[in-house]
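Subject: A structure for you to look at

Hi there,

Here is the structure I promised to pass on. Please have a look at it, and then read on for what turned up.

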Amino acid sequence: MRTIKKLALMLFAIAFLAGCGKVTYRKTKGGMPYQVYKGKGTQQVMPGNTLKVNISYKVKDSLYFSSFGSFPVYMPVSAQTQPYDISEVLTSLKVGDSMIATQMMDTFIKRSPAGIPPEFKKGDKIVTIIKVLGLFTSDSAAKQDEMKTEKEWAVKEASEMSKYIADKKINAVKTPSGAYIEIINQGSGNQVDSGKYVLVNYTGTTFAGKKFDSNTDTAFHHVAPYGFIANARQMIQGFDEAVMLMKVGSKAKVYIPSMLAYGGKPNPQSGIKPYENLIFDLEIVDLKDKAPEEKPVMPGRKVQDVTPPSQK
């Protein structure tokens, strides 16, 4: 972990120097400025390979995404490249190499003004840093390595979560898969059971304290108890397991490792980072034998798209 963090700091130092004009950039055929820093590897990247990389993106000097110190990214290499894109450089890399590239948002806006996400603005500069950790010549080999890495990451997360609970002296019970539930108020109603339709109130936050969803906070525009069938894999695993340990009227705080939440694929609009651990404040509102029949939507009525802690 320390080695990865040191490498990340080194690469960000390179990015800073580049921004100050102290790095001489080359340019791809598509006009993208870049620079490659050679490692000691000998395996050449080829079209059809899948790369295992650490990658980060900075937009206007603010970190937008980084896998350094987190779970690596698996990136296919195509024979077809896009102009002004990192795909133009990948086949010039070897395992162990690092690359830094800069792109101006104005170029993308000129090419496709309607296809730019709203968070990106004219004048923004994107700095991409890539460190090639390994390569695979077949999809099956890449998938096998990804599964192995996921297992190792889950073990690491479990250890870190256990330490967090112990260090904070939280009186919590561990669920079968490794989430933790702290009962704040033990309800007196019926115990939640598999197949029952349970109604809950919830608020989700990151460990840094950022609230990303709630059905009790009007800021998220869906204030109403949320219903689902218990233990039917309709919810993220850590949430589902915690509910099974509660009764109607119970209130609890649930600590969920990322691999029992959204892993590397959270909803991009949620603000949750890939492989980010989460906390849910949870209340069991009601319990029914079966789910109510869905009522047809009235013509012209807008159905709001919400993203509760379900599997979607």
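A residue is called exposed when its relative accessible area is over 50%, and buried when that value is under 20%. Please keep in mind that this is a predicted model.

Let me start with the backbone. Most residues other than glycine have a negative phi. Two residues here go the other way. D61 sits in the loop that joins β3 (50-59) to β4 (62-66). Is D61 buried or exposed? Its relative accessibility is 63%, so D61 counts as exposed.

The other case is Y275, also not a glycine, with a positive phi of about 60°. You will find Y275 in the loop between β13 (251-256) and β14 (278-288). With a relative accessible area of 17%, Y275 falls under the 20% cut-off and is therefore buried.

Next, a serine in a loop. S67 is placed between β4 and β5 (73-76), and because its relative accessibility is 0%, S67 counts as buried. What does the side chain of S67 make a polar contact with? Its partner is the side chain of N54, at 3.1 Å. Leaving aside residues up to four places away in sequence, S67 touches V53, N54, I55, P72 and V73.

Now the rings, which I think you will enjoy. The count of aromatic pairs comes to 16. One of them is formed by F212 and F280, in an edge-to-face arrangement with 5.7 Å from centre to centre and 90° between the planes. F212 belongs to strand β11 (residues 211-214) and F280 to strand β14, so this pair ties together parts that lie 68 residues apart in sequence. Both partners are buried: F212 has a relative accessibility of 8%, and F280 has a relative accessible area of 1%. The two phenylalanines also belong to one aromatic cluster, made up of Y202, F212, Y226, F228, F239 and F280.

One last item for your list is a charge over a ring. K156 lies over the face of W153, at 4.1 Å from the ring centre.

Best wishes

Technical notes. Residues numbered from 1 in each chain as written. Predicted model: local features only at pLDDT ≥ 70, side-chain atom pairs only at ≥ 80, totals over all residues. Heavy atoms only, no water. Helix = DSSP H or I, 4+ residues; strand = E, 2+ residues; numbered from the N terminus. Buried < 20%, exposed > 50% of the residue type's maximum accessible area, 1.4 Å probe, protein only. Polar contact = N/O pair within 3.5 Å; in protein donor to acceptor, adjacent residues only side chain to side chain. Contact = heavy atoms within 4.5 Å. Phe/Tyr/Trp six-rings, centres within 6.5 Å; stacked < 30°, edge-to-face > 60°. Lys NZ or Arg CZ within 6 Å of the ring centre and 35° of its normal.
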